[in-house]
Amino acid sequence: MRVLGLDPGLRVTGWGVIEMVGHHLRYVADGTVRSTDKLSLPERLAQLHQGVAALIDQWKPDEAAVEQTFVNVNPESTLKLGQARGVVLLAPALAGLFVGEYTPAAVKQAVVGTGRAAKDQVAMMVRALLPGCLTTQSDAADALGVAICHAHHRATLRKVMR
């Protein structure tokens, strides 16, 4: 199973692709989709949608996973992040993919073993769990963490279904 993990953001959306073969995870690719600050909000959202849609076309994932939004102190920022997240959820849904959603604490728990792990701990464990992954971009590392979390949850679900 190939999973596209997504860490939504209006400026930068991290992405990561992994494959689950049996119980083993394999790193495929990672990066970011960026929007241009000088554009209007609708144009920036269109950039995010086009970027995620292009990733789906390129990497052909079987499923996608998106990190859930936490509430910021600034309501305007929270609203914009929510709009970006909506676009990031929409792209794989339009492609017919199942989309899992996970809280930041669930991702940290799946990757590090504690829901209160720091970002650098998540990035370090992502590199340890995915041999060949050398990402230095925190948004991409977070997206790979979301993909790992999804793979673990889907594997558990498959076991329960048997």
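Guide: Start with a term. Two strands pair if DSSP finds at least two bridges between them. Strands are DSSP runs of E with at least two residues, helices are runs of H or I with at least four, and both are numbered from the N terminus. This is a predicted model, in which local features need pLDDT of at least 70 and side-chain atom pairs count only at pLDDT 80 or more, while totals for chains, interfaces and linings use all residues. Residues are numbered from 1 along each chain as its sequence is written, and side-chain values use heavy atoms, with hydrogens and water left out.

Now the sheet. It is open and has five strands, in the order S3-S2-S1-S4-S5. The pairing is mixed. At the edges lie strand S3 (24-34) and strand S5 (98-102), and each of these pairs on one side only. On average, neighbouring strands are turned by 20 degrees against each other, direction ignored. That angle is taken between axes, which are lines fitted to C-alpha atoms (for helices, over the stretch in contact); angles run from 0 to 180 degrees between N-to-C directions.

Take the antiparallel part. Strand S1 (residues 2-7) pairs with strand S2 (residues 12-21) in the antiparallel sense, over six bridges. A hairpin of four residues joins S1 to S2. Arg2 stands opposite Glu19 in S2, and Leu4 has Val17 of S2 as its bridge partner.

Val17 also leads on to the next strand. There, Val17 stands opposite Ala29 in S3. S2 and S3 are antiparallel too, with ten bridges between them.

How covered is S2? Buried means under 20% relative accessible area, exposed means over 50%, and partly exposed lies in between, with a 1.4 Å probe and protein chains only. Nine of the ten residues of S2 are buried, so S2 is largely enclosed by the rest of the structure.

S1 and strand S4 run parallel, joined by four bridges. Leu6 has Val66 in S4 as its bridge partner. S4 and S5 are parallel as well, and pair over five bridges. Here Glu67 has Tyr102 of S5 as its bridge partner.

In S4, Glu63, Ala65 and Glu67 point one way. Ala64 and Val66 point the other way. Both sets are buried, the two glutamates included.

Next, the helices. The chain has five helices and five strands. From the N terminus the elements run β-β-β-α-β-α-β-α-α-α. Helix H4 (residues 119-129) has Val122, Ala123 and Val126 as its buried residues. These cover an arc of only 100 degrees around the axis, which puts them on the same side of H4. The arc is that of the directions from the helix axis to the C-beta atoms. On the other side of H4, Asp120, Met124 and Ala128 are exposed.

Contact means heavy atoms within 4.5 Å. Leaving out residues up to four places away in sequence, Ala141 touches Ala123, Val126 and Thr135. Ala123 and Val126 are among the buried residues of H4. Ala141 also has a C-alpha separation of 7.6 Å from Gly14, 127 residues away along the chain.

Last, the whole chain. Buried residues make up 46% of its 162 residues. Among contacts between residues at least 6 apart in sequence, 60% join residues at least 24 apart. The C-alpha atoms fill a box of roughly 45 × 35 × 30 Å along the principal axes. A compact globule of 162 residues would have a radius of gyration near 15 Å, and the chain agrees at 15 Å. That radius is taken over C-alpha atoms, and the globule rule is 2.2 Å times the number of residues to the power 0.38.
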